[in-house]
Amino acid sequence: MKNISIITLLATAAIAASCSFLDEQLKGDYSSETYYTNSENAVMAVNAVYNSLYNNTEWIFGDVASDDTVKGGNAGDAADINNIDQLNATSDNGPIGTYWQHRYETIARANNAIANISKLNIDAALQTRLIAECRFLRAYSYFCLVNVFGEIPLKTQPQTSADAIHVGLSSVDKIYAQIDEDLQEAAKGLEEKSVEFGRATKGAAYGLLAKSLLFQKKYSEAQKAIENLEALHIYSLEPKFEDLFKQGGDKSPESIFALRYGNTTTASLGNNLNVWFAPSKDGGYYFNAPTQSLVDCYQTNDPRLDASLGRDGKPWFDGTIFSKSWSEATGYLVKKYNEDVVEGQARSQCTLPQHILRYADVILMKAEILNELDNTLDAIDEVNKVRIRATLPTHESSLTKEQLRDKIRRERRCELAFEFHRFGDIMRYGKDYAESCLGIKFTGERYYFPIPQAEIDANKALK
């Protein structure tokens with residue numbers, strides 16, 4: 001059972017996102033006017049915003065669209081994912097529509113909660129925190145969307161009128177401006193340490209803000225956001241990398257924000273990446289198969305390799321010896337998110353966390369920022385923190401800015417494999433880098449996926 005994300009049918013009816021084809025109020029026992037009356041309901045509404053994050057489609061656009069993995073699985077299964085892998089998906093692609101729908105569901109719920117909670121006469125500190133959590137979750141959703149689709153509709157109000165529903169495209173710069181504003185405001189209202197396990201914190205807001213600013217190449221501002229995170233004196237690297245992806249990894253001082261799963265007897269409430277990525281012998285679908293290119297990226301004896309993926313002749317997570325026959329596509333499978341389940345339970349009842357932001361990511365962002373600001377010596381020290389944890393040789397101080405840039409990019413790829421960052425990274429590194437990695441030519445400075453046809457049909461403001 002997710003620690004804070006359980007939502008009742010009652011709450012769902014109260015905060016469900018509006019459908020664009022409805023012109024009248026939703027029918028049911030509660031409307032927004034009658035539901036938002038006390039602090040208990042306000043908390044439940046925000047819980048429902050968190051709930052909408054648990055859809056587990058990020059791997060398709062973070063991994064498969066990159067050079068880290070291919071679709072995997074049976075050749076004929078989920079064929080639409082192959083089109084995403086090859087960057088030739090059209091607007092009627094199923095996963096594209098699903099991803100869009102899930103992200104805008106989070107935004108719609110956050111908008112509704114922000115607008116209504118702000119009107120309530122409840123404890124001021126609670127009110128401030130709840131609104132800040134919603135702004136963080138809205139910013140995270142827009143960050144995901146803008147990096148997949150580029151120009152998108154910017155919606156910050158409840159969809160209670162035609163003007164709020166039918167919204168045209170906003171520029172990438174405008175979307176980022178909203179993300180940065182939301183995160184700056186969220187950082188003011190969030191607690192340094194979560195009042196309830198699993199909620200967004202001040203550090204999460206600073207960390208995501210740093211990433212947003214880094215993606216915009218606003219290096220000095222991104223550095224300041226990281227300094228604010230570091231000033232909290234909360235986060236540090238987990239001594240053993242592999243422990244982050246075991247039970248309790250979300251409680252590590254390295255975990256800044258994660259999707260967390262508690263003990264559950266309900267299959268639909270577990271981390272079903274344990275099904276998507278597991279071999280068929282374990283009842284899995286063996287999707288998201290790692291590429292040889294990723295395996296070759298690791299240095300000899302890098303412990304993160306076998307902690308992150310299964311390869312022939314090496315121990316699998318349960319101690320059995322992995323066979324390349326388990327993965328028809330590449331001979332490799334993702335090990336992160338795989339765990340044993342209690343006899344009689346489904347693999348989808350997995351309780352391993354899904355890390356969205358962790359401190360190693362922040363350290364490597366800081367290294368990149370320092371290097372781009374021509375402080376290469378200090379940048380080397382930051383990269384070496386991650387390498388020392390991985391028991392790898394440290395980089396020499398003689399590296400040039402250009403040499404270190406390449407090494408930071410490689411370090412991010414190895415450290416953060418299968419945490420769904422790679423596609424965003426290779427696209428922000430530039431057209432030449434991205435085309436070289438993907439072996440595909442595309443028009444424009446970077447590749448964006450098409451807006452779903454269902455949204456084009458429903459949103460009258462889209463041309």
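Helices (H or I, at least four residues) and strands (E, at least two) are DSSP runs, numbered from the N terminus. The model is predicted, so local features need pLDDT of at least 70 and side-chain atom pairs count only at pLDDT 80 or more, while totals for chains, interfaces and linings use all residues. Residues are numbered from 1 along each chain as its sequence is written, and side-chain values use heavy atoms, with hydrogens and water left out.

**Exercise 1. Place Arg-138 in the fold and describe its surroundings.**

Step 1. Arg-138 belongs to helix α7 (residues 124–149).

Step 2. The relative accessible area of Arg-138 is 5%. Buried means under 20%, exposed over 50%, and partly exposed in between (1.4 Å probe, protein chains only). Arg-138 is therefore buried.

Step 3. Contact means heavy atoms within 4.5 Å. Not counting residues up to four places away in sequence, Arg-138 touches Ile-107, Ala-110, Asn-111, Ile-114, Thr-156, Gln-178 and Asp-182.

**Exercise 2. Determine whether Ser-118 is buried, partly exposed or exposed, and list its contacts.**

Step 1. Ser-118 lies in the loop between α6 (94–117) and α7.

Step 2. Because its relative accessible area is 42%, Ser-118 is partly exposed.

Step 3. With residues up to four places away in sequence not counted, Ser-118 touches Ala-113, Gln-127 and Ile-131.

Step 4. The C-alpha atoms of Ser-118 and Asn-55 are separated by 28 Å, and these residues are 63 apart along the chain.

**Exercise 3. Characterise the packing of α11 against α15.**

Step 1. Two packed helices are described by the angle between their axes and the distance between the axes. Axes are lines fitted to C-alpha atoms, for helices over the stretch in contact, and angles run from 0 to 180 degrees between N-to-C directions.

Step 2. The axes of α11 (residues 219–230) and α15 (residues 359–372) come within 10 Å and cross at roughly 140°.

Step 3. The contact involves Tyr-219, Ala-222, Gln-223, Ile-226, Leu-229 and Glu-230 of α11, together with Tyr-359, Val-362, Met-365, Lys-366, Ile-369, Leu-370 and Glu-372 of α15.

Step 4. Sorted by class, this contact of α11 with α15 has 9 nonpolar, 1 polar and 3 charged residues. Ala, Val, Leu, Ile, Met, Phe, Trp, Tyr, Cys and Pro count as nonpolar, Asp, Glu, Lys and Arg as charged, and the others, Gly among them, as polar.

**Exercise 4. Describe the ring pair of Phe-61 and Phe-449 and its setting.**

Step 1. Rings of Phe, Tyr and Trp (its six-membered ring) pair if their centres lie within 6.5 Å; planes under 30 degrees apart count as stacked, over 60 as edge-to-face and the rest as tilted. The whole structure holds 28 aromatic pairs.

Step 2. Phe-61 and Phe-449 are edge-to-face, with 5.4 Å centre to centre and 90° between the planes.

Step 3. This pair links distant parts of the chain, 388 residues apart: Phe-61 is in helix α4 (residues 58–64), and Phe-449 is in the loop between α19 (431–438) and α20 (453–458).

Step 4. Both Phe-61 and Phe-449 are buried.

**Exercise 5. Examine the backbone of Asn-56 and Leu-87.**

Step 1. Most residues other than glycine have a negative phi.

Step 2. Phi of Asn-56 is near 55°, a positive value. Asn-56 is in the loop between α3 (39–51) and α4, and with a relative accessible area of 7% Asn-56 is buried.

Step 3. Phi of Leu-87 is likewise positive, near 55°. Leu-87 lies in the loop between α5 (79–85) and α6, and is buried, with a relative accessible area of 8%.
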